Amino acid sequence: MSTGAQLKVVLQDAQGFYFSGDKAAKKESDTTVRWLNTVLKDESCYRDLCGGKGKLVVGFNFPPKDVAPERAKEIMSQAYERIGREVDALNPDKRMAMAASLMRGTTTEGKLDRDRVEEKLYAGYARPHDPEQDAKTLLASPMLAGHPARAADGFDKLGSVGKLEAISRSNLQEMRDEIAKYKELHAANGMSDTFGKKIDAFVADVGERYAQGIASHASNRPIAGHILATSDREQIQEFAQALTNNKSQPQSVSHTSEYNTRYLKSHDFAFFNVYPATNPEMQKQMLSATRYLCEKPEIAGSPIAKDAQSFSFNLPGLVNQTQDGAQRLTLLTLRDPVRPTHGGSEAEVKARMEGKEGLASYSGGTPAMGTATRKFGTETDSYDSARRVFVKGDSLEALKANVELGLYKAAYGLSKGEKSVDPTQNKDYKLYGMLNEATAPGEGAAKDRATMQLVKLFQYPQLMVSGPVSVQGVEPFRPGQTQATQLAAQTTLPSVSATQLNQANQANQSNEQHKVQVRTM
């Protein structure tokens, strides 16, 4: 978005001009007024703007005060159409100085400090993105630099989006092959009718939950128009800082981790956390838990911001959304439980890696960026984020396949691991009990808790969308809403695919008091 275009957004409610004749401002005012008279003199609005004086003059109000306020706004709107183009036509080293002078000489409703400038731009900024360019930036990231799919025949002849799709297909096939291997091990060890059936039932349910799941973007500041990529938000902050000459430390647009800034280079994407369908109360808890709602997301314990809100979209609807007649570029990363947000203490990391029941063994240390290793009994579970990246439709299948692979591997490794004198203390017994609870008939909070406990043992998914995402018609969630208010918002949420989300929410509301099943093996 050009300097002139951003200036028009900031001054879209302009009421008139007044350039000060004070000694400190007169030199700048004279230069700006002279420039305005030159660029506007052939415009149809110029006569109405200048009134009886015939031209703009320092120290006077324009349009004249006898012009009705609504008409004055119309005149200024017409004037700024031309002004915006002329600002962009200036030499690059002069554009911002002229824009700042114009802002100081334009009368508006309320003071235009940096916060107000940013607020206006966040509401009116929606820079179109080129999916090919965004994909090219990702492909140049350290994470994907050495991916084995790059060595395949014909890879270099593909476009940037096509290359990402090839990497995604390779990752998905690799998971399928590993799942097939562990299914064979289960069959060879008599586990198919016990663990195998439970895992298959659970994975089918997880697939349905993600098919009815949500992608949610949380923010600690108001969002009125579009959810923007990190690079766009940073550009807004830089523009506002230069326009207002406010050199103070900018507010954090988000706590973007080292993983995203250096390793993945995903600044040209808008970020969404991905949640499978659960009961409304659990959904509210998950939406409220993200640190991006805090005043300072990068600081542990920071309070929830007063303007905190999140926007949730039907997951398949957002993944399959089209833009200019083509499927939109979306990227899913199945972040590992070591540092899904690259923060937290060693104790928190260990708790995530080993799970609530301590099913895995994690030795700690400092793994290389995007990697993690732990043990499920005899099996080593190694994570490499480059192998857990998926685009477009592959994302929905990968959400299910990653959990399937993790459970088959964990069940096999734990069944071969050390055994306790008390069979109920064996880790494979505990895993089976969790699966039993998560696959119990009906719906209920206990079943949802068991499901999320297992899912979070393997993934913290994040969806990235190329370009701005409109929030028009999407009901925001705000922390602190009452349960009744949130339920009402969920059942009327007009997201990309409202019908599917409504059906999911209605189903999740039933049978809240489902009895917890007794674990048996």
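User: Before we start, what does buried mean here?
Analyst: Buried means under 20% relative accessible area. The model under discussion is predicted.

User: Is Phe17 buried or exposed, then?
Analyst: Phe17 has a relative accessible area of 1%, so this residue is buried.

User: How many aromatic pairs does a search of the whole structure find?
Analyst: The search finds six aromatic pairs. One of them joins Phe17 and Tyr80, whose ring centres are 6.1 Å apart. The planes of these two rings meet at 45 degrees, so the pair is classed as tilted.

User: Which parts does the pair of Phe17 and Tyr80 tie together?
Analyst: Phe17 belongs to strand E1 (residues 16-18), and Tyr80 to helix H4 (residues 69-89). The pair therefore ties together parts that are 63 residues apart in sequence. Tyr80 is also buried, at 3% relative accessibility.

User: Which residues do ring pairs link into a cluster?
Analyst: Phe17, Phe19 and Tyr80 are linked into a cluster by ring pairs.

User: Moving on, what about Phe272 and Phe313?
Analyst: Phe272 and Phe313 form an edge-to-face aromatic pair, with 5.8 Å from centre to centre and 85 degrees between the planes. Phe272 lies in strand E6 (residues 269-275) and Phe313 in strand E7 (residues 309-314), so their pair connects parts 41 residues apart in sequence.

User: Are those two buried or exposed?
Analyst: Phe272 is buried at 1% relative accessibility, and Phe313 is buried at 2%.

Technical notes. Residues are numbered from 1 along each chain as its sequence is written. This is a predicted model: local features need pLDDT of at least 70, side-chain atom pairs count only at pLDDT 80 or more; totals for chains, interfaces and linings use all residues. Side-chain values use heavy atoms; hydrogens and water are left out. Rings of Phe, Tyr and Trp (its six-membered ring) pair if their centres lie within 6.5 Å; planes under 30 degrees apart count as stacked, over 60 as edge-to-face and the rest as tilted. Helices (H or I, at least four residues) and strands (E, at least two) are DSSP runs, numbered from the N terminus. Buried means under 20% relative accessible area, exposed over 50%, partly exposed in between (1.4 Å probe, protein chains only).
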